Amino acid sequence: RPVVFSGMQPSSDSLHLGNYLGALVNWVALQDDHDPIYCVVDLHAITVPQEPGALREATRRTAAQYLAAGVDLDRSTLFVQSQVPAHAELAWVLGTLTGFGEASRMTQFKDKSAKQGTDATTVGLFTYPVLMASDILLYDTQLVPVGDDQRQHLELTRDLAGRFNSRFGETFVVPEALIPKESARIYDLQEPTAKMSKSAQSEAGLVKVMDDPAVTAKKFRSAVTDTGREVRYDLREKPGISNLLDILAATTGRSIPELEAEYDGRGYGDFKKDVADAVVERLAPIRTRTLELLEDPAELDRLLAIGAERASERAERMLRTVYDRVGFVRRG
Ligand code: TYM
């Protein structure tokens with residue numbers, strides 16, 4: 001069965017609707033006929049400063065949200081990145097194959113570092129996509145379910161795999177990104193031209209999985225729209241309405257034209273309420289289940305340890321092959 005790999009950063013108290021619709025929904029769907037490996041990427045999270053206690057908490061919360069959303073340990077491997085040292089080890093090797101200019105062209109790095117300034121920007125943030133390539137390439141991954149913002153990182157991963165293979169012989173599978181149609185890019189409800197992101201200035205437009213349902217409903221009621229009245233998909237003229245249409249389509253499985261027809265002549269009020277209801281209906285049970293799972297952190301840690309054990313075995317095998325091909329002497 002084709003290997004699927006993906007991960008999310010534990011850098012907040014909750015995943016958001018973009019993480020859920022852009023990636024997690026696909027993670028769950030792929031479990032039937034694939035061999036999925038899902039990771040909480042704590043090594044990636046520390047590329048920006050994290051408070052240690054909060055990081056530990058967020059790591060467990062992220063894992064609990066994966067499980068609550070439907071990641072099933074009978075069909076998927078779930079683990080924490082820092083518990084499998086091969087990720088950092090392969091990243092070192094791949095870093096030596098990555099051009100400085102190539103890494104400098106990563107738009108996420110350019111955006112984040114421009115915001116932070118050179119002195120606050122770490123080398124870790126710069127090499128972040130190389131570590132992501134390492135995550136993916138360690139497992140013969142064929143498919144990587146992610147949101148649209150990871151497209152460029154996937155291209156780099158494919159380039160690095162191809163480069164290693166041509167220099168040292170066929171070693172890595174060259175992976176494909178799996179990016180959803182409607183929900184590849186969910187926007188902030190208050191600023192519908194900016195991607196929904198945990199680092200948003202204000203939380204008013206950030207829909208969190210772990211928000212109280214009343215809070216989620218309120219965020220949708222106050223979502224920014226435009227001055228017209230028509231519920232019509234038009235990214236340029238109506239970014240707010242188009243975002244809500246994408247969200248409703250992704251949560252209900254209905255098509256955009258179907259939804260446009262349904263709200264024809266009905267104004268924004270009904271529409272926004274229905275989007276809120278649909279999202280709450282999806283997220284509320286996930287929140288409840290996450291809170292239940294978090295009541296027993298020792299059990300959660302135990303499940304994660306089993307996942308790390310399984311992932312390590314596979315990752316170690318690949319790392320040994322890579323070390324051999326590169327010319328490292330095995331410990332005798
Ligand atoms: P992260 O933690 O920023 O985001 C996790 C996933 O959520 C998707 N996403 C979105 N999708 C739609 N709309 C949005 N507004 C939105 N915001 C985030 C992201 O595309 C991602 O799929 N670099 C990765 C983590 C990572 C990874 C990996 C992913 C590390 N190693 C290996 C895949 C494979 C990241 O920062 O995700």
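Colleague: Is Glu57 buried, partly exposed or exposed?

Modeller: In this predicted model, Glu57 is partly exposed, and its relative accessible area is 40%.

Colleague: Which residue does the side chain of Glu57 meet in a salt bridge?

Modeller: The side chain of Glu57 meets that of Arg61, with a distance of 3.9 Å from N to O. Arg61 has a relative accessibility of 15% and counts as buried, because the buried class covers values under 20%.

Colleague: And where do Glu57 and Arg61 sit along the helix?

Modeller: Both belong to helix α3, which covers residues 52-69, and because they are four residues apart there, about one helical turn separates them.

Colleague: How many salt bridges does the count come to?

Modeller: The count comes to 26 salt bridges. Among them is one in which the side chains of Glu155 and Arg158 meet, at 3.9 Å from N to O. Glu155 and Arg158 lie three residues apart in helix α8, residues 151-168, so about one helical turn lies between them.

Colleague: What about Asp234, which residue does it form a salt bridge with?

Modeller: Asp234 forms a salt bridge with Arg232, and the closest N and O atoms of the two are 3.2 Å apart. Asp234 counts as buried at 19% relative accessibility, whereas Arg232, at 32%, counts as partly exposed.

Colleague: Which residues do salt bridges with shared partners join into one network?

Modeller: That network consists of Arg254, Glu258, Glu262, Arg266 and Asp270, which are joined through salt bridges that share partners.

Colleague: Back to α3 for a moment: at what angle does it pack with helix α13?

Modeller: Helix α13 covers residues 297-326, and it packs with α3 at an angle of about 75°, the two axes being 11 Å apart. The two helices are therefore roughly perpendicular to each other, because that description applies to angles of 65 to 115 degrees.

Colleague: Which residues meet there?

Modeller: From α3 there are Arg60, Ala63, Ala64 and Leu67, and these meet Pro297, Leu300, Asp301 and Leu304 in α13. By type, the residues of this contact are six nonpolar and two charged, with no polar ones.

Colleague: Switching to strands, in what sense do β2 and β3 pair?

Modeller: Strand β2, residues 35-40, pairs with β3 in the parallel sense, and four bridges connect them.

Colleague: Are the faces of β3 covered or uncovered?

Modeller: Both faces of β3, residues 77-80, are covered, with buried Thr77 and Phe79 on one side and buried Leu78 and Val80 on the other.

Colleague: Last one: where is the place of Ala278, and which residues is it in contact with beyond its neighbours within four places in sequence?

Modeller: Ala278 is in helix α12, residues 267-294, and it is buried, with a relative accessible area of 14%. Once those sequence neighbours are left aside, Ala278 is in contact with Leu248, Thr251 and Thr252. Ala250 lies 28 residues away from Ala278 along the chain, and the C-alpha atoms of these two are separated by 9.9 Å.

Note on methods. Residues are numbered from 1 along each chain as its sequence is written. This is a predicted model: local features need pLDDT of at least 70, side-chain atom pairs count only at pLDDT 80 or more; totals for chains, interfaces and linings use all residues. Side-chain values use heavy atoms; hydrogens and water are left out. Buried means under 20% relative accessible area, exposed over 50%, partly exposed in between (1.4 Å probe, protein chains only). Two strands pair if DSSP finds at least two bridges between them. A salt bridge is a side-chain nitrogen of Lys or Arg within 4 Å of a carboxyl oxygen of Asp or Glu. Axes are lines fitted to C-alpha atoms, for helices over the stretch in contact, and angles run from 0 to 180 degrees between N-to-C directions. Angles under 35 degrees count as roughly parallel, over 145 as roughly antiparallel, 65 to 115 as roughly perpendicular and the rest as oblique. Contact means heavy atoms within 4.5 Å. Ala, Val, Leu, Ile, Met, Phe, Trp, Tyr, Cys and Pro count as nonpolar, Asp, Glu, Lys and Arg as charged, and the others, Gly among them, as polar.
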